[in-house]
Amino acid sequence: MKQALFCCCCLGALIFARAQDPGDSLIRALHYHLVPDTTRLRLLNAVAYAYYARDPGKCRVFADEAIGLAKTLGDAGAQATGWRNRGLSHFREGDDSLALGAYRKALDLDAASDNKEGMGKTLHAVGLVYNSQSEYGLSIDYHRRALDLFMELKDSSGVANAANSIGTNYLYLADYPKAIEYYQRALQIYQERDDRRGVGNAYTNLGIVYRRVSEVGKAIEYCNKAMACFTRPEDFAQKANVLANLANIYDDMDDREKALRYYSESLQIQEAAGNERGIASNLLNMGIVYSELGEYRKAFDHLRRGLERYKGLGDKNSMAIALSELGKLCERSPAAVLREQGIPAKERFSRAVGYEREALRLAEEIGSTDNQRDVWEILAGTYEAAGDARAALAAYKRFVLLKDSVVNDDGRRKIMRLTMQYEADKKEAALQAGFEARQAIAAAALNRQRLITEMVLVAGAILAIAGWVGFRFYRRRQAAERKAEQTELEMKALRSRMNPHFIFNSLNSIGDYVLRNSPEEANEYLSRFSRLMWLTLENAEHREVLISDDLNAMQLYMELESKRLPKGFRFSVRVDESIDQGRTYIPPLVLQPFIENSIWHGLAGLTEREGCLSVTIGKDGGRLHCVVEDNGSGRRMEVVKGKKRSFGMRLTTERIELLNKTRNYNANWRVTDLAEGTRVEVWLPLSVDQ
């Protein structure tokens, strides 16, 4: 299930202060200071900003007076601040076009006076508007320009807020490693500044990322940390966000009742504050939960209310989620509920597809990979329920292609690497601080003792020599590590190859079973195919794998190919009893290209006799002796037909050359033409776990 994300983008970071009730003192000061001078101008802008969250209309009244007075006084900076405050009020009310118009006027004024601080604040504000419109690329561009200005000004608060907002855009784009990278950057600065709200916002957003990659424990941990930061009455908006994110997590854990309770609490807070985005997010998420609980009337009501609010906000990402969920409702709901919603029961599937296709269009328009993936999965289910097997298979293929691109193993490893690096950097900073303190004490002691100059010179010379030697050793070691890493990457690429024609043919076979109404055969083939893909990816991660694991993958491969070919073929796998398959290791997939060639170029063309393929593994002195033998047409027939059998040979040659070069293997191979078929022998070192 997916929920509408509601991230802390630091909306109050536009002028890097927090919206508060103006209070009697500020209003009284403005009331008594009637002279149209710079003091009144600053008071007008301060009151306008203080009102933007609680009463956007009052905010504009004070902002307009400030803009007029600033023009009279010729104060371009204060005039730009007035336009920013006006833009904030429009943005708060969900009128993004008016907000952008106000921000552009502020930006022009700041640029004309080379006010880099004001330009940074305005660029950041524009980035927030584009984020709300699901224009994530534009939003990142504006936030990065703001980030560059804040770095130039050494404004750590601005840097943190911009980094936090960039992380949120990457979160919506499902680039989770980059999202974590920017959130952690913001978190570190907030902690250094002792910014309680900033720390809480960063914790909230990190919790969202970890929930999206199914790290439930870490997601709850970060949400609880965030909640501990939001303990004051003025933190109501941040508390509502955390409640909504906790609800998302419990929904993922199938605790629907707890999820609804948290969503409801968050909705009450957002309604009291008049926060359109918060209200829309909670309505949408509650609609999704009601749908899962089978309370379809409530689901339709909440989803449609949420969709209408998101349309007003121009949030295409959340509109896509609402539309896809409405599509699922049309498919699931009883006929009586559909009639109440004005949908004839006979149109349930066409309405569902209509909603889902519109959701897909929006997801593609904004480049949201995870939304596209989810909609294709829903479409596959809808087509299947409607009895359109061909469309269902096509949609499912699109879903599979997108699935691994959203959260793959490399992405997860990168996330964990960033997390560990962040923790390590914190410890290193603490150690460095202690070291510097101890170093200062030692320096003072040395000054007091007035060590002899000659001793210092000798010590310095020794240190210089040692440093030079150490540096040379370090550079040499670095070069060796880079070379080893490059070689390992090359080896990984070679051992992870699985011929795309095989994958394509397998998918076609599955489709053929579906079209022939053979669901059991299709399911069996798909199950074996999935298992083979899993084993291939799993084994390709390691330099060596157990013989038993590699042969399991090869056996699955031969089973699939035998089932796919019209005449099939017999195959056998034999391992010498003296070889302990649970302790003996082999480079993964080294035999697969030879088996592939035997099937495709030897057995596939047989018409007059049954094909046979055998894989035998034994010992030859101190090495493993692997034999792949078939009774196919043989290499001579391939030459007659004008075909080549070089892929397996070239692949294995490259791998064996790398193995011999990098690990001192004594490996080689040989091909023998038989009267009927081909025999391939491969010798590999005998690697046994002690």
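## Ground rules

Residues count from 1 along each chain as its sequence is written, and side-chain values use heavy atoms, with hydrogens and water left out. Since the model is predicted, local features need pLDDT of at least 70 and side-chain atom pairs count only at pLDDT 80 or more, while totals for chains, interfaces and linings use all residues.

Helices (H or I, at least four residues) and strands (E, at least two) are DSSP runs, numbered from the N terminus. Helix α18 covers residues 348-366, and its 19 residues reach 28 Å from first C-alpha to last, close to the expected 27 Å. That expected span is 1.5 Å times one less than the number of residues. Its buried residues include Arg348, Tyr355, Glu356 and Ile366; buried here means under 20% relative accessible area, with exposed over 50% and partly exposed in between (1.4 Å probe, protein chains only). The buried residues of α18 pack against α7, α15, α16, α17 and α19, where contact means heavy atoms within 4.5 Å. Just after α18, Gly367 has a positive phi of about 75°.

Now for α7. Its 18 residues should span 26 Å, and the end C-alpha atoms are 25 Å apart, which agrees. Among its buried residues are Tyr136, His143 and Phe150. The buried residues of α7 pack against α6, α8, α9, α16 and α18. Lys154 follows α7 with a positive phi, near 60°.

## Ser614 and the cysteines

Ser614 is found in strand β4 (residues 612-620) and counts as buried at 17% relative accessibility. Leaving aside residues up to four places away in sequence, Ser614 touches Ser572, Arg574, Val627, Val628 and Glu629.

A search of the whole structure turns up zero disulfides, that is, pairs of cysteine sulfur atoms within 2.5 Å. Cys59 is buried at 0% relative accessible area, and Cys626 is buried at 1%.

## Rings and charges

There are ten aromatic pairs in the structure. Rings of Phe, Tyr and Trp (its six-membered ring) pair if their centres lie within 6.5 Å; planes under 30 degrees apart are stacked, over 60 edge-to-face, and the rest tilted. Tyr51 and Phe62 have ring centres 5.9 Å apart and planes at 5°, so this pair is stacked. Tyr51 sits in helix α2 and Phe62 in helix α3, eleven residues apart, and both are buried.

Ring pairs also link Tyr203, Tyr210 and Tyr222 into a cluster. The charged end of Lys218 sits over the ring of Tyr210, 5.7 Å from its centre. Likewise, the charged end of Lys258 sits over the Tyr250 ring, 4.7 Å from its centre. "Over" requires NZ of Lys or CZ of Arg within 6 Å of the ring centre and within 35 degrees of the ring normal.
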